[in-house]
Every structure is written in C-alpha cells, then in structure tokens.
There are 2 protein chains.
Amino acid sequence: MSPISLKQEQEKLEDLYQYIFPYLLQTERVLQDVATRGKGMIPEIVNYVVQAGGKRLRPALVVLSAQLGGTQSDDPITVGAASELIHLATLVHDDIVDRAVLRHQKPTAAVQFGDEVAILLGDYLYVEAFSLLASLNDPQIVDLFARSTRTMCQGEINQVRRRFQLDLSLSEYLAFIDHKTATLMGAAMRGGARLARLSTDQATALGHYGWNLGMAFQIIDDTLDLVGEEGVTGKTLRTDLANGKLTLPLIWLREKLGAEEREKFLGFLREPTMENVQLIISWVKESGAIKEGLRQAANFANQANTALQSFPDSTPHKTLSAIAQYIVTRTR
Amino acid sequence: MSPISLKQEQEKLEDLYQYIFPYLLQTERVLQDVATRGKGMIPEIVNYVVQAGGKRLRPALVVLSAQLGGTQSDDPITVGAASELIHLATLVHDDIVDRAVLRHQKPTAAVQFGDEVAILLGDYLYVEAFSLLASLNDPQIVDLFARSTRTMCQGEINQVRRRFQLDLSLSEYLAFIDHKTATLMGAAMRGGARLARLSTDQATALGHYGWNLGMAFQIIDDTLDLVGEEGVTGKTLRTDLANGKLTLPLIWLREKLGAEEREKFLGFLREPTMENVQLIISWVKESGAIKEGLRQAANFANQANTALQSFPDSTPHKTLSAIAQYIVTRTR
C-alpha cells in the first residue's frame with residue numbers, strides 16, 4: 001500500500017466506484033423509492049435533494065466495508081441508503097443554519113422551497129433513514145447511526161454557539177469535524193462490518209478507517225471553502241468565514257502571526273465583509289496555511305489506510321485505499 | 001358511558017392521570033435522562049423544552065392503551081417517552097415555521113436559542129425518539145411511529161404550501177389535522193396495543209379512539225387559537241391567522257356568508273393586520289362559528305369513546321373516556 005501523495009494525479013471517483021457500481025445503482029433505487037412513496041409535494045422536494053448528485057461516499061463505505069467482510073446480502077444497500085439520507089438531512093438543515101444558497105450547482109433546498117419546507121424536509125429524510133435502519137431488525141445498527149446522528153446534532157449546536165469565538169483551538173476544531181463528518185463515516189464502515197458480522201477488532205479497525213477518512217475529508221472541505229472556486233465545488237463558499245467559523249488553515253495562520261499582525265487578522269475575521277474576506281484569503285494563501293491543511297488531511301488519510309493493514313489484499317481493500325487517496329486530492 | 005357534554009365542569013387533567021401517575025413519573029425520568037446524557041449545550045436546551053410542561057397526553061395514551069390490554073411491562077414508558085419526544089420535536093420545528101414566540105408561558109426554543117439551534121434541537125429529539133423505539137427490538141413499533149412522523153412532516157409541508165389559499169375546503173382542513181395530530185395520537189394508542197399484544201381488531205379500535213381524540217384535540221386547539229387568551233393557553237395565539245392557515249371555524253363562517261360579506265371576510269384574512277385580526281375574531285364569535293367548532297370536536301370525542309365500547313369496564317377504560325371529555329372542555 002503506497003502512502004498518500006498530494007501530487008498524485010486525481011482519479012475519478014466513478015472509476016473507483018466501478019467495482020461496487022451495481023450496489024450503488026440499487027442504493028439510488030432505494031433513495032428514489034423514498035421520494036416516490038411520499039404524498040403531495042414530497043416526491044418533488046425529496047427528489048430535488050436526492051437527485052442533486054453528491055459523492056454517495058457513505059453508501060460506498062458501507063458496501064465496501066461489508067464486502068471486505070465477505071457478506072453477500074443486500075442489507076448494505078439499505079444501510080447505505082439510510083446513511084446517505086442522514087447525510088442529506090444534515091446538509092439540508094446545515095444549509096439553513098449557514099445561510100448557504102448553492103449546493104451541487106443548484107439553489108439549496110432552503111432557497112428553492114423556503115426555510116420552513118426545508119426544515120420539514122430534513123425531518124422527513126431523518127425519519128426515512130431510521131425507518132430503513134429499523135427494517136433490518138438489528139438494534140445495534142440503529143444504535144450505531146442514532147449515536148452518530150446525535151453526535152452530529154450536538155457538534156453543530158456547539159459550533160453555532162462558538163461562532164465568532166476567534167480563540168478556537170486546534171483541538172476544538174478537530175472535535176467539531178469529528179462530530180460533523182468523521183463520526184458518520186466511521187459509523188458507515190462499522191455498519192458494513194456489523195452486517196458482515198466481523199469481529200470487534202476488525203470492526204474497530206474499519207471504524208478507524210472511516211473516522212480518519214472523515215477527518216481528512218472535512219479538512220479538505222474546509223480548505224476548499226477558503227480557496228476553492230464555486231464553479232468547481234458547486235456550493236456556496238466562504239460560508240465558514242461569513243459565519244465566523246474558524247477552520248484549520250485559519251487557526252494555523254493565527255498561531256504563526258506576531259501580536260500586531262494577529263490583531264489585524266482577527267479584526268478581518270470579526271467583520272467578514274467582502275473586502276476583508278478577500279484579504280483573509282490572500283493572507284491564507286501566501287502564508288502556507290493551505291499547504292498545512294493539505295498536509296494534515298494527508299496525515300489522516302494515511303492513518304485511514306494504515307487501519308486497513310490487517311485485512312488481506314482484495315478489490316474492496318484496494319478501492320478503500322484509492323478512496324483515501326482521492327479524498328485529499330479532490331478539488332470539489 | 002355518558003356522551004360528551006360541552007357543559008360539563010372541567011376536570012383537572014392531573015386528577016384523570018392519578019391512576020397512571022407512577023408511569024408518567026417514570027416517563028419524566030426517561031425524558032430527563034435524554035437531556036442529561038447529552039454533551040455541551042444539550043442538557044440545557046433539551047431541558048428547556050422537556051421541562052416546559054405540556055399535557056403528556058401521548059405518553060398517557062400509550063400507558064392506558066397498554067393497561068387496557070393488561071400488560072405489566074415497562075415498555076409503555078419507553079414508547080410513551082418516545083412519542084412525547086416526537087411531539088416535542090414537531091413543536092420546536094413548527095414554532096420556527098409559524099414564527100411563534102410563546103409556548104407554555106415561555107419563549108419558544110427558536111426565540112430563546114435562535115432558529116439555528118432550534119432546528120438542530122428538533123433533530124436531536126427525533127433521533128432520541130427513534131433510538132428509544134428501536135431499543136425495544138420490535139420493528140413494528142418503529143414502523144408505527146415512523147409512519148405517523150412521516151405523515152406529520154408531509155402534512156406540515158403541504159399546509160405551508162397551502163397558506164393564504166383561502167378556498168381551503170373543510171375536507172382539506174380535516175386532512176391537515178389528521179396529519180398534524182390525529183395520526184400520532186392514533187399511533188400512541190396502537191403502540192400500547194402492540195405492547196399488550198392485543199388482536200388486530202382491538203388494536204384498530206384503540207387506534208380509532210386515538211385518532212378521533214386527536215381530531216377533537218386539534219379542532220379545540222385551532223378554536224382556542226382564535227378565541228383563547230394567551231395568559232391561559234400560554235402560547236402565541238392567532239398564529240394561524242397570521243400564517244394564512246384556515247381552520248374549522250373560519251371555513252364554516254366563510255361558507256355561511258353571502259357573496260359580498262364573503263369578499264370582505266376574505267380581504268381581512270388576506271391581510272392579517274392586528275386590526276383585521278380583531279375584526280375577524282369578533283365576526284367569528286358573533287357568527288356561532290366557535291360553537292360549531294366545539295360541536296364538531298365533541299362529535300369526534302364521542303366517536304373516540306364509541307371505539308372503546310367493546311372493551312370491558314375498567315379503570316383505564318374510564319380514564320380514557322374522561323380524557324375525551326376533558327379534551328373538548330379544556331381552555332388551554
């Protein structure tokens with residue numbers, strides 16, 4: 001297994017998914033069914049977010065983890081669809097909370113249908129998710145995703161409450177992204193392991209892969225929020241700055257600055273006008289803070305792959321390794 | 001069993017609950033635990049809504065239904081607490097959607113903590129609810145409440161979309177309150193029946209009781225929204241008018257009016273200024289529309305009690321009948 005390289009040419013996610021394509025196709029069908037069986041406006045608004053695209057990373061993780069454990073059942077499709085619905089529900093609600101207007105090159109659900117409908121849509125997606133999970137008749141599976149969803153809500157509430165608190169420490173930031181992303185990706189891997197009835201040690205190892213992948217994923221996401229292009233990422237950028245959320249590159253830069261420069265920098269952060277946001281971004285780019293973000297993301301991605309070491313070589317194993325590489329070199 | 005009377009002196013709900021008091025006390029403990037085991041801000045904000053009060057009608061229905069079936073287990077406490085959490089989650093989100101500021105004599109969660117935190121708080125309560133339900137290891141129970149929660153979300157979305165559509169028919173209104181309230185109360189009764197492993201016929205009868213009770217409850221709620229006093233009901237009133245939601249008394253009055261008067265009435269509804277709201281309310285009071293609301297609520301409450309006829313006389317039976325009487329004579 002080769003270590004993560006930041007210079008490697010980016011593979012396409014679709015190519016990585018080739019091996020599990022039939023499973024992901026069936027996942028889409030389950031998501032479609034969720035939309036179709038709703039009444040009134042439901043099919044239209046559920047379809048709007050389900051068909052918007054997205055990487056389907058969580059369903060892929062569930063399926064690959066279960067495959068690594070040699071399972072042949074269709075249960076990973078159900079659990080994968082549920083994990084995607086939970087993810088979509090959090091996106092719909094987070095986009096209201098963050099006042100984002102663009103997601104996957106389209107208006108967010110809140111912009112398209114209004115905050116009120118978006119609140120209820122998120123609720124609907126949550127209920128569908130837990131309904132799918134409960135259909136497997138395995139309380140451990142429900143418990144796994146209930147825990148991580150709780151953690152996500154807690155993390156988001158605490159992040160809202162810490163907005164514009166510019167003394168946020170690196171470890172507080174890491175706790176936020178643990179809650180926001182890493183925990184659910186860990187649960188997706190653990191979910192697959194549970195379906196394959198793997199040993200506790202193996203499930204823990206796969207959970208570590210998912211958690212580290214999630215940490216890498218979110219650091220890259222937060223870095224793209226600073227220096228990405230909306231035309232490429234397809235979502236509203238600089239929302240973190242607008243909402244007073246400190247992310248890794250900003251925290252790293254803050255610590256590097258002398259007292260006088262730091263005051264100036266914090267002043268920009270405190271008042272994220274268009275002009276100040278531009279100044280912050282130039283500063284971040286010149287300082288090497290982006291490189292530091294990528295470096296730390298690559299570290300987590302390497303940790304993810306290390307967690308897979310005890311598993312024999314196989315196509316799902318190779319695919320998971322390639323996904324970790326993809327995560328840190330992606331541009332959207 | 002005596003028929004529902006609108007003139008009967010109102011019993012206190014606490015007196016009706018006396019027989020199931022130990023169960024409701026344990027329900028409170030479960031709700032407390034949900035708050036306490038959260039991290040960060042969670043205990044404070046969950047406690048805020050859990051301790052705000054409320055009638056605990058859904059937990060009472062689960063317990064009484066299970067008792068009617070002769071069950072001795074503690075499972076009704078778990079299911080009752082879950083049904084209350086679902087109810088609280090919908091209140092927290094509906095109060096954002098309806099821009100309500102007061103609930104149980106206190107600022108709504110949205111006003112107290114901000115819309116963002118309130119959105120995430122509602123999510124947290126939903127997850128806790130389904131987590132509790134799944135802990136019983138009975139997919140039928142999860143399915144029952146997942147269905148009714150889905151129905152609630154669907155109903156609320158469709159109601160948002162029909163705001164200020166002043167041609168709303170009585171049957172559309174009845175469908176809204178079916179979704180908003182009656183379905184969950186039906187599920188509470190069916191949940192108790194499931195825990196007691198009652199026959200399909202018995203479960204259906206108890207479901208009918210709950211559904212009809214919910215219809216009566218919501219018609220009274222909507223009537224109190226028009227003519228109640230905030231000091232007594234403890235919540236923001238006239239939100240239906242402000243949000244362009246037509247309710248039974250308004251629909252009834254609209255149909256009674258001649259063409260000219262109707263245009264005037266609809267004009268007031270279209271622009272719910274403080275002055276116009278006062279005019280609408282006087283009109284509603286004078287017209288007999290409130291009496292009509294109470295009459296129709298009493299009809300549903302009578303239907304609720306009729307559904308109990310096949311069950312032998314017992315304390316839970318008597319209590320359920322008394323609750324139906326309470327529902328239509330309550331002032332808050």
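The buried residues of helix α13 in chain B are covered by several parts of the chain, among them α9, α10 (200–227), α12 (239–242), α14 (259–270), α15 and α16 (289–306) of chain B. Keep in mind as you explore that this is a predicted model. Which residues of α13(B) are buried? They are Leu248(B), Pro249(B), Leu250(B), Ile251(B), Leu253(B) and Arg254(B).

Let us follow one of those covering helices, α15. Two packed helices are described by the angle between their axes and the distance between the axes. Here, the axes of α13 (residues 248–256) and α15 (residues 274–287) of chain B come within 10 Å, with a crossing angle of roughly 75°. Angles of 65 to 115 degrees count as roughly perpendicular, so that is how α13(B) and α15(B) lie to each other. On the α13(B) side, the contact is made by Pro249(B), Leu250(B), Trp252(B) and Leu253(B). From α15(B) come Ile280(B), Trp283(B), Val284(B) and Ser287(B). Sorted by class, this contact of α13(B) with α15(B) has seven nonpolar residues, one polar residue and no charged residues.

Is Thr181(B) buried or exposed? Its relative accessible area is 4%, and buried means under 20%, so Thr181(B) is buried. Leaving aside residues up to four places away in sequence, Thr181(B) touches Arg58(B), Gly214(B), Phe217(B) and Gln218(B). With Gln218(B) there is also a polar contact of 2.5 Å, which joins the two side chains.

For a contrasting stop, look at Gly40(B). You will find Gly40(B) in the loop between α2 (21–36) and α3 (42–50) of chain B. Its relative accessibility is 60%, and the cut-off for exposed is over 50%, so Gly40(B) counts as exposed. How many residues apart along the chain are Gly40(B) and Thr239(B)? They are 199 residues apart, and their C-alpha atoms are separated by 33 Å.

Finally, step back to see both chains. Two copies of a chain are related by a rotation about an axis and a shift along it. The same surface serves both copies, with 100% of the contact residues of chain B recurring in chain A.

Key:
Residues numbered from 1 in each chain as written. Chains lettered and ligands numbered in written order. Predicted model: local features only at pLDDT ≥ 70, side-chain atom pairs only at ≥ 80, totals over all residues. Heavy atoms only, no water. Contact = heavy atoms within 4.5 Å. Helix = DSSP H or I, 4+ residues; strand = E, 2+ residues; numbered from the N terminus. Buried < 20%, exposed > 50% of the residue type's maximum accessible area, 1.4 Å probe, protein only. Axes fitted to C-alpha atoms, helices over the stretch in contact; angles between N-to-C directions. Parallel < 35°, antiparallel > 145°, perpendicular 65-115°, else oblique. Nonpolar A, V, L, I, M, F, W, Y, C, P; charged D, E, K, R; others polar. Polar contact = N/O pair within 3.5 Å; in protein donor to acceptor, adjacent residues only side chain to side chain.
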